[in-house]
Amino acid sequence: MISHLKNDLILFNPYFWVFLVSVTCLYYIWSRRKLYYLSWQLPGPLPLPILGSTLFIWFYGVSNVFPLIKIVFKQYYTLLYDDVQERIFVDKDIPHWKASKKVITQVFVFKVLKQYIKIFHEESIILVNKLQELAYSGQPFYPPKYLELATFNSIMRTTLGVNPNAQINEHQPFIHAVHNVFQHFQRKLFLPILRNNFVYSLFGWRQDEERNMGIVLDLAHTVLEDLKTDMKNTTDIMRESISLCRTQVVRFWMGTNLWIFVADPNVAYQVNNQALQKSDEYTYLGQPFLHKGVLTTNDLPHWKKSRKIFMNGLSAENLKSFIPIFHEESLKVMDIIKKYAITHENVYPPKLFYRYTLSCIAKCVLNFDIEMKNERENQDFIEGVHKVFEYFQLRVIIPLYRNLFIYRLVGLRSKELEVIERNIQYAENIILHYYKQNNMTYETTDFDEIHRKSFLDCLIQGTSEEMQENYIAQVLTMIASATDTLVSEHAKLLILLAQNPHIQKMVYKEISEVLGNDLTSCPTQEDLMKLTYLDRVLKESLRMCPAVPITARKITEDLKVTTKDGQEYELPAGVNVLIATGFMQNNPEYYENPQVFDPDRWLPENVSKRHPFCYLPFSSGPRNCIGSRYAMFQLKTMAVSILRAFEIMPTKNCKKFEDINVIMSFTIKLSKTCEVTFREREKTLCHHQ
């Protein structure tokens, strides 16, 4: 019965399998018919079925079948280590190859090559002197070794701007590693069984290949890090970038990715209003824990709900209640500044505000006083925030690190996860305390008992169960982004006021007239609104030194835009757009003498003469900065407290705007050379007297 059933089932019929295999083979051969036809036009040994020419090479040797080797190399470049497969000389992805070749060709245009001749000559002189010494010694030597060192040094100097002095320091692990990588390639080329990574690992060769590729990649990472640390100051970057981009809408390729650089205010406004997706690079910020945060998410329905909650938490009524918190925390900063004023010690401004901004956001957002946590935990969290942004920047600058395998291989992923998990634990502990403080649990929430709805109140009350799973991402996004950007803005405001004492005096005069000098008196929202000159000073500070000078959006549908000059462009779907806010705000086309700190630019009669969208410190459109009003009130309150009690003076290393050096991170940060000093004002009724 069973044997009869087997004969009836087609799966047990051997003729079916013969037919299926035959059809598959015929289809495979038919699909490659052009390849087979062309192969017969080329010289080479007669191939055998399945085995091809393997036996011929085995018996007759590589040197006797050189014409075949040229064909084999064309087809088997993929045997190189994985990371090398996407490079231009082995790439089989034709669109990728064309884009890469176009980028690389620009490095070898005639005008650039002319500049290389001097370097070639210098390296050749060193080589000749080296060979002369060897010739005089009478000892035999291997010429390729010295030619290789000269070639390597020439390439490094011309294409990367780095001088490893290879002809002087002959120990160059990079060169040795490159040789080894190609040896592994050759081994896998002629022994097909070794192309299986598992088999290759059994012999220990895979590990050696990875080690040598690590040496090669380390050089690339080192060069990129050196370029990053040698970043010019903000003014030079802005001036040079604008001079290179007169059209203010420029395309450029990064591998296969097309980017559009926008410094035109019209186009920036249109993109901000119509392109709601953030660029893909934002996914690397705290991946994957913060991907649902309102700052980075591209899940638009989720983003809309989250933004609405944020806006409720930062309502006008809540903002008004935040001012006493800002004032109370600013008095603690005053105590720290007074110690520096007594000793006349130089101060690096950002370190004054890390704890202040964290404490303000914790009290305003979570109704939590960070004094309840030990200082070590607070400091670790602040450092953790910086670390998360540093890892994000690293993955944006070095595309290789976007591959999780490589990112783990170099040991950075484990370090990043450790920092993120510590930050998450910090936020969770605060939120758990919040629930206990208000006699609530995750399941039961009685908002009637709370005197003021904080952001977290709105988050828990306004979210579905699905969204509540991501509340940690929202809380961390709020704390981290507010802390990082506001520290930067507080610090740069102090620097600019120190460099412009006449403006500082005018601000102090206005504060005295509106508020008096009693630090114990807390300004009201109405008082802060009366400080119109201080408002112009803050706007000018944000213009010259925006915390986030570049934002990125992704175009999901073809978008037609028009420049301020009437030129029309169509931005294709899938491209990333870099909106260069910092460049627009320092462009002399919109701001005369942009390096001059001039609050009068913001008088109504002067504002009306400018393009309405050339000032976007908080971006624009539906995805603009939610906390812009929060930031302005906090900046004003802190400026009032400091200027009522102290004069801010520049140090010898930072006397003018050109002396301001910055470090590029998620936000623009001041370098350690940017310092100020404080002097206590006379006839000031300080709160501690």
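**Helix packing and a few residues up close**

Ala 150 is found in helix 8, which spans residues 143-160; helices here are DSSP runs of H or I with at least four residues, strands are runs of E with at least two, and both are numbered from the N terminus. The model is a predicted one, so to speak of a local feature takes a pLDDT of at least 70, side-chain atom pairs count only at pLDDT 80 or more, and totals for chains, interfaces and linings use all residues. Residues are numbered from 1 along each chain as its sequence is written, and side-chain values use heavy atoms, with hydrogens and water left out.

Back to Ala 150: is this residue buried or exposed? With a relative accessible area of 9%, Ala 150 is buried, because buried means under 20%, exposed means over 50%, and partly exposed covers what lies in between (1.4 Å probe, protein chains only). Setting aside neighbours within four places in sequence, Ala 150 is in contact with Glu 123, Leu 127 and Gln 167, where contact means heavy atoms within 4.5 Å. Ala 166 sits 16 residues away from Ala 150 in sequence, with 7.1 Å between the two C-alpha atoms.

Zooming out, the chain has 28 helices and eleven strands. Of its 689 residues, 45% count as buried. Among contacts with a separation of 6 or more, 71% link residues 24 or more positions apart. The accessible surface of the chain comes to about 36,600 Å², and carbon and sulfur atoms hold 59% of that; such areas come from the Shrake-Rupley method with a 1.4 Å probe, and for residues only the protein chains shown count as cover.

Next comes helix packing. Two packed helices are described by the angle between their axes and the distance between the axes. Helix 25 (residues 532-544) and helix 28 (residues 628-645) have axes that come within 11 Å and cross at roughly 115°. Axes are lines fitted to C-alpha atoms, for helices over the stretch in contact, and angles run from 0 to 180 degrees between N-to-C directions. On the helix 25 side, Leu 534, Asp 535, Leu 538 and Leu 542 meet Met 632, Leu 635, Lys 636, Ala 639 and Val 640 of helix 28. Sorted by class, this contact has seven nonpolar, no polar and two charged residues; Ala, Val, Leu, Ile, Met, Phe, Trp, Tyr, Cys and Pro count as nonpolar, Asp, Glu, Lys and Arg as charged, and the others, Gly among them, as polar.

Helix 25 also meets helix 23 (residues 501-515), and here the axes come within 8 Å and cross at roughly 145°. Ile 503, Met 506, Val 507 and Glu 510 in helix 23 touch Thr 532, Tyr 533, Leu 534 and Val 537 in helix 25. That contact splits into six nonpolar residues, one polar and one charged.

Arg 543 also belongs to helix 25. This arginine is buried, with a relative accessible area of 0%. Beyond neighbours within four places in sequence, its contacts include Gln 585, Tyr 591, Trp 602 and Tyr 615. Ser 512, in helix 23, counts as partly exposed at 25% relative accessibility. Ser 512 and Arg 644 are 132 residues apart in sequence, yet 7.4 Å apart in space, C-alpha to C-alpha.

Finally, Cys 625 lies in the loop between helix 27 (604-607) and helix 28. At 35% relative accessibility, Cys 625 is partly exposed. The unreviewed UniProt entry covers Cys 625 with the annotation "binding site"; UniProt positions are given in the numbering used here, feature names are shortened, and annotations may be inferred rather than shown by experiment.
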